[in-house]
Amino acid sequence: MKYQNLLSVATAMSLCATMAFAGSSTMDFAQKYEKECQGCHGPIHQGGVGSDLRPKALKSKEHHLLVDVILHGRDNTAMPAWSSTFSPDDAAGMVDWLMDWKNTVELTLDFDEVYKSWTPLANREALAKKYPVGSDGSLKYKGAEVKNVKDITFATERDASLVDFIDSTTGEVLSRHKAGFAVHVTVTNKAQPRYAYSISRSGKLTMFDIGAPGQPAVASVQVGQESRGLAVSPDGKYILAGNYNPGGAVLCDARTLKPLKVYDTSRVIDPDGQIGPSRVAGIADTPYGPYFAMALKDAGHTYIIDYSKPDFPIVGDIPNIGKILHDCFLNENEGEDFGRYFQIASQGSDLMGIVDFKTKKLAAKVYTGKKSKPHPGQGSSWFNKRLGKQLNATNSMNFGSVVIWESPSWNVVKKVKTSGGGLFVGTAEDTPWIWSDCVLGKPDKYNEVHLINKETLQTDRIIKVGKTKGQLIDAKSGKVLQEWDATQHERVPVNEKAFGQEKIMPMPTHLGKVVKNPVQPRLLHAEPANHGKWTMISEWTTGRIGIYDSKTGKFIKYIENLTTPTFTYSVEHRQHVPGA
């Protein structure tokens, strides 16, 4: 059965289900679940970052307790309080709907359906000829917005469905592009850094030419209904996008986005020996060989694809890594082992699985702590001079713990306590720290980012942004090293406008009014930028990105007027990070 038929059946089923369980609520539970819940709980309610919500898993739960969790959330987890958008009747209706939900439709990844959605949006070759870019990324034409494409950082505005391109040397937002609901991941083409890509949770893969004025989109393709991972081969020829629904991955030509092959994971064996669908989570390329790695979230496997061979075969299948595989990063050991190890988080087994591209086997399991749910995000890998070893780090989602281990012996060397569960750790050559957020902690702590010394493995400084002021704090003495004005401003509304075959959002030219009732800033994802001079930190709840000095941690300025900024990606920084 094709996508469109399946979608029409699913829509009809969800409408009936919504009407049956609405009661005094008018909420469309199926639509609400798809938009807000399935990212953590899964498209068929099987769980992941969030709990398993299938009727069998819920039958022993107390109805009123589930309602309470929806309304008030759970501390130190990814489950927020929904009381601002759910009434008690809405929450009760959602629980009823979940308890009686039936998995009537499972999609299968279909190459023909993906191919039909492939849409060229601009003439890539004409743009390259008109706006030449050197092999080093320098722009070779008059009137260019930046000197080099590596000066650009792109950011995602989750709830506004936008990808932004920012001049990393000034903080100016160059352009804002509509790129599908909840844009999730962005990557660049290391062989041809003028080309950038984004994947949205709604399954839209978009390619941009960031060497041309306005950074126009040149192609798009709908790879599924819900997607996550993205990776470009180091030779710049191929891009692989991972799907949650339909389960699988789509391989495309990285120069055109023309679909080349699909890898369906609708029928695979999970760690309990059951056959069923699996989402594809972490995806990475590697400089170690002509390989992509793709993690089967629900099956506990990792596939290795060889893109140098005809028909791009799967040449490695590594099973029994753990339950609920999620995000990943590669080691940065210098020399021949650079990028050799695919380090994948197993959130259902509280470990990092180490997959060896050389042997195509599981090299080790690094246990991160009971109920820790590791979430490395972009991860961190650096050489520690004191120990004389390569170290790697992940955050823990359920409590404040940054877990650090060495490679290639894979022993945990330190667990550094932070203020709450986090999603991202990041570092770079030009900063003395790994930067860890606490975005899943309690509200009085999720406004902190901890700066952990890469040599001593101790927290040196804490960035803390309150409702009206921000502070840089010495972690040992508690002394305030810097204080700045963190006054919040209302976002200035703007209307979309036509731009080639796209519709984009212009950047407001002024700040809005001061917010009368400011919210607690929620800080996440520290990204090196401006050739290592700056580190950018997103503030989800305040709609801005903070810029900090990478060497001192001191605040520099804000980029304002954004909507739920989440992920930032520096083209220059990611050129040097394997698999990023």
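Begin by selecting K360, which takes a positive phi near 55° in the hairpin of β21 and β22, where 4 residues lie between the strands. Strands here, like helices, are DSSP runs numbered from the N terminus (strands E, at least two residues; helices H or I, at least four), and two strands pair if DSSP finds at least two bridges between them. This is a predicted model, in which local features need pLDDT of at least 70 and side-chain atom pairs count only at pLDDT 80 or more, while totals for chains, interfaces and linings use all residues. Residues are numbered from 1 along each chain as its sequence is written, and side-chain values use heavy atoms, with hydrogens and water left out.

Next, select residues 351-356 (β21) and 361-367 (β22), which run antiparallel and are joined by 6 bridges; L351 stands opposite Y367 in β22.

Within strand β22, go to K365, which is partly exposed at a relative accessible area of 34% (between 20%, under which a residue is buried, and 50%, over which it is exposed; 1.4 Å probe, protein chains only). Leaving aside neighbours within four places in sequence, K365 is in contact (heavy atoms within 4.5 Å) with N320, I321, L351 and M352. A polar atom of the K365 side chain lies 3.1 Å from the backbone oxygen of N320, and the C-alpha atoms of K365 and L351 are separated by 6.3 Å, although the two residues are 14 apart along the chain.

Finally, move to the open sheet of 6 strands, ordered β27-β28-β29-β30-β31-β32 with antiparallel pairing, whose edge strands, β27 (425-426) and β32 (480-485), each pair on one side only. Inside this order, select β30 (residues 459-465) and β31 (residues 469-474), which pair in the antiparallel sense over 5 bridges, and find V465, whose bridge partner in β31 is G470.

Key. Polar contact = N/O pair within 3.5 Å; in protein donor to acceptor, adjacent residues only side chain to side chain.
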